[in-house]
Amino acid sequence: MKRRIGIYGSTGSIGTQALEVIANHQDLFEVTVLAANNNSNLLIQQAMVCKPDSVVIRDPDHYDKVFNALDTLDIKVFTGSESLCQLMEMDLFDMVLIAMVGFEGLKPTMSAVSAGKAVALANKEVLVVAGEIVTDLAKVKKVPFIPVDSEHSAIFQCLSGEVSKPEKVYLTSSGGPFRGMTRDEMLNVNVQQALKHPNWSMGRKISIDSATMMNKGFEVIEAKWLFSLTPTQIDILVHPQCIVHSMVQFRDGTLKAQLGLPDMKLPIQYALSYPYRLDANFGRVDFADMHSLTFEAPDRNAFPCIDLAYGAIEQGGNMPCILNAANEIAVSQFLCGKIRFYQIPLIIERCMVKADFDKKPEYEVLLETNKRVRSMATDFCTSIH
Ligand SMILES: NC(=O)c1ccc[n+]([C@@H]2O[C@H](COP(=O)([O-])OP(=O)(O)OC[C@H]3O[C@@H](n4cnc5c(N)ncnc54)[C@H](OP(=O)(O)O)[C@@H]3O)[C@@H](O)[C@H]2O)c1
C-alpha cells in the first residue's frame, strides 16, 4: 500500500524538495493533496504531474486560473484558508507535510492533529507560537508528529531506540551569512547579502531568520516542545561545515550525533518514510576529503535574536507568540526595504516589552496576540526612522 501524502506549501523550498523525494519513490508514496498560497503556475504544473485528488490555492484571486487549468483532469480545486483545514478532516491522506511558512501554518496543523493525521512538520513557527497546545493535542490524539527541520530530525534520530532522557542537546548552526561579523559591521548589510546563505537554499523568510540567527532561537523553542526539554538543556553550537546536524548528550556523558551532507531532502525523506529508511542518491560525506569539523559558541552580542528567543521561552505564556509575530513583520518589512537589518531585533524587543502578556494563553488568545502584535510591529516599523 502506498503512503498517501498531502503537501501544504508544495510550491516552496521544502515542498518542491518533498516532491523530488516522492518522485524518486513512486512505488511507496502517492501525493493526494497539494496546497499553495498564490503561486498558481507552479501549483498547476505540480498537479498535472502528480494528479492529486485535490489542490488548494489559498488566494481566491487565483482560483479561476487553477480551476480552468485542471478542469479536465478530475482534480478538485479549493480556495481560502478554511479549505486548508477542512481537507484535513477528509480521508485523503495518511500523512501531511506542513511546509507553509509562518503563523499561517498553525490552524492547518491543529486541524491535522485534531483529525488524527500523522504530521511531518517543517513549519517551525507552529511550535514557536503554540508548542504546548499542539504537542499536548498530539499526545492526546496519539498522532505521530515527525520533525522535518534538519536539527530536530537529527535529535529525533539520535533519540530513536533510547529509553533514557537526554541531559542536553546541541543544536548546530552554520552561523548564517554574517558569521564572524560584529554588530557594527552589520549596520549596512542589504537584503541580497542577508539572503545569501552559505550552505542552504531556502525560502526568503527563513533565510533572513538564519541571517539574524532568530532561526536558531526558534529552533531552541521547537526543541523544547518536541523533546520536553528545558531551555537550559539546549545549547547552540556554530558549525560552519553543516555536517553534524545536531547532537544529544546523555547522563553518562555519551554523545550521539547525526551526520550527513547539508541537503533537506534527507530529513524530508526520513519524515515521510518514518520509521523506515529508504535508498537515497543525495551524496555521501567524504571524511578523507574533509579538513576539519569545527564548533564554536555563537556571538550572542552580534546576534541579539538568540537571547530574545531564550527570553521569550523563559517567560513562556504568549511571549513566544509575540516574538514570532513581531519577527514575521520585521522580516517582511526588511525584505521590502522599509527597515534596516539591525532594526529587526529592535522592533521585536519593543513588541516584547509593550504587548499584553498572558501566562497561560488559550488557543484563541494566541490568535488575538498574533493579530495585535503584527499591527503593533507594523506601527513600530513605520516610526523607527
Ligand atoms: N527551506 C528550508 O530549507 C527549511 C528548513 C527547515 C525548516 N523550514 C521551515 O519550513 C517552512 C517552509 O519554509 P520554505 O523555505 O519552504 O518556505 P517558502 O519557500 O517560502 O515556501 C512556503 C510555502 O508555503 C506556501 N504558503 C505560504 N502561505 C500560505 C498560506 N497562507 N496558505 C497556503 N500555503 C501557503 C507558499 O505558497 P506560494 O508559493 O504560493 O507563496 C509556499 O508553497 C518554514 O516554516 C521554514 O522555517 C524550511
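Two residues are in contact if their C-beta atoms, placed from the backbone, lie within 7 Å. The structure shown in these close-up views is a predicted model.

Figure 1. Ala211 is found in helix α9. Leaving aside neighbours within four places in sequence, Ala211 is in contact with Gly176, Pro177, Phe178 and Ala194. Ala211 counts as buried because its C-beta has 28 C-beta neighbours inside 10 Å. Leu70 lies 141 residues from Ala211 along the chain, and the C-alpha atoms of these two residues are separated by 39 Å.

**Figure 2. The shell around the ligand.** The ligand is surrounded by 29 residues, of which the closest are Gly9, Gly12, Asn39, Met202 and Gly203. Two or more residues of this shell come from each of the elements α1 (13-23), β2 (29-36), α6 (124-141) and α9 (204-212). Helix α1 makes the highest contribution, giving three residues. By residue class, the shell around the ligand comprises 12 nonpolar, 11 polar and six charged residues. Domain 1 (3-147) and domain 2 (153-262 + 289-383) each supply at least three residues to the shell.

**Figure 3. The contact between domain 1 and domain 2.** The chain is divided into domain 1, covering residues 3-147, and domain 2, covering residues 153-262 + 289-383. A separation of 24 Å lies between the C-alpha centres of the two domains. Their contact takes 16 residues from domain 1 and 21 residues from domain 2. On the side of domain 1 that touches domain 2, α6 gives the most, with 10 residues. The residues on this side of domain 1 divide into eight nonpolar, five polar and three charged.

**Figure 4. Val129 and its partners.** Val129 has its place in helix α6. With 28 C-beta neighbours inside 10 Å, Val129 counts as buried. Not counting residues up to four places away in sequence, Val129 touches Phe103, Leu106, Pro320, Cys321, Asn324, Leu366 and Asn370.

**Figure 5. The largest nonpolar core.** This core holds 114 residues, and the members that touch the most other members are Val55, Ala309, Ala326, Ala330 and Ala377. Helix α13 (residues 319-335) provides the largest share of the core, 10 residues. At least three core residues are drawn from each of domain 1 (3-147) and domain 2 (153-262 + 289-383). Apart from neighbours within four places in sequence, Ala309 is in contact with Met214, Gly217, Phe218, Val220, Ile221 and Leu323.

Figure 6. Helix α11 (residues 265-273) is largely enclosed by the rest of the structure, because seven of its nine residues are buried. The buried residues of α11 are Leu266, Pro267, Ile268, Gln269, Tyr270, Ala271 and Leu272. Pro275 is found in the loop between α11 and α12 (305-315). The peptide bond that joins Tyr274 and Pro275 is cis, with omega about 10°. Most residues other than glycine have a negative phi, and most peptide bonds are trans.

**Figure 7. The β10–β11 hairpin.** Strand β10 (residues 244-249) and strand β11 (residues 255-259) run antiparallel and are joined by five bridges. In one of these pairings, Val244 has Leu259 in β11 as its bridge partner. The two strands form a hairpin with five residues between them, and Gly253 in the turn has a positive phi of about 90°.

Figure 8. Cys242 is found in the loop between β9 (234-238) and β10. Although Cys242 is not a glycine, its phi is positive, at about 55°. Cys242 counts as partly exposed because it has 19 C-beta neighbours inside 10 Å, the threshold for a buried residue being 20 or more. Lys51 is found in the loop between α2 (40-50) and β3 (54-57). The phi of Lys51 is near 50°, a positive value in a residue other than glycine. With 14 C-beta neighbours inside 10 Å, Lys51 counts as partly exposed.

Technical notes: Residues are numbered from 1 along each chain as its sequence is written. This is a predicted model: local features need pLDDT of at least 70, side-chain atom pairs count only at pLDDT 80 or more; totals for chains, interfaces and linings use all residues. A nonpolar core is a set of buried Ala, Val, Leu, Ile, Met, Phe, Trp, Tyr and Cys residues joined through C-beta atoms within 7 Å. A residue is buried if 20 or more other C-beta atoms lie within 10 Å of its own, exposed if 12 or fewer, and partly exposed in between; C-beta atoms are placed from the backbone. Helices (H or I, at least four residues) and strands (E, at least two) are DSSP runs, numbered from the N terminus. Domain bounds come from an automatic or database domain assignment. A residue is near a molecule or strand if its C-beta atom, placed from the backbone, lies within 6 Å of it. Ala, Val, Leu, Ile, Met, Phe, Trp, Tyr, Cys and Pro count as nonpolar, Asp, Glu, Lys and Arg as charged, and the others, Gly among them, as polar. Two strands pair if DSSP finds at least two bridges between them.
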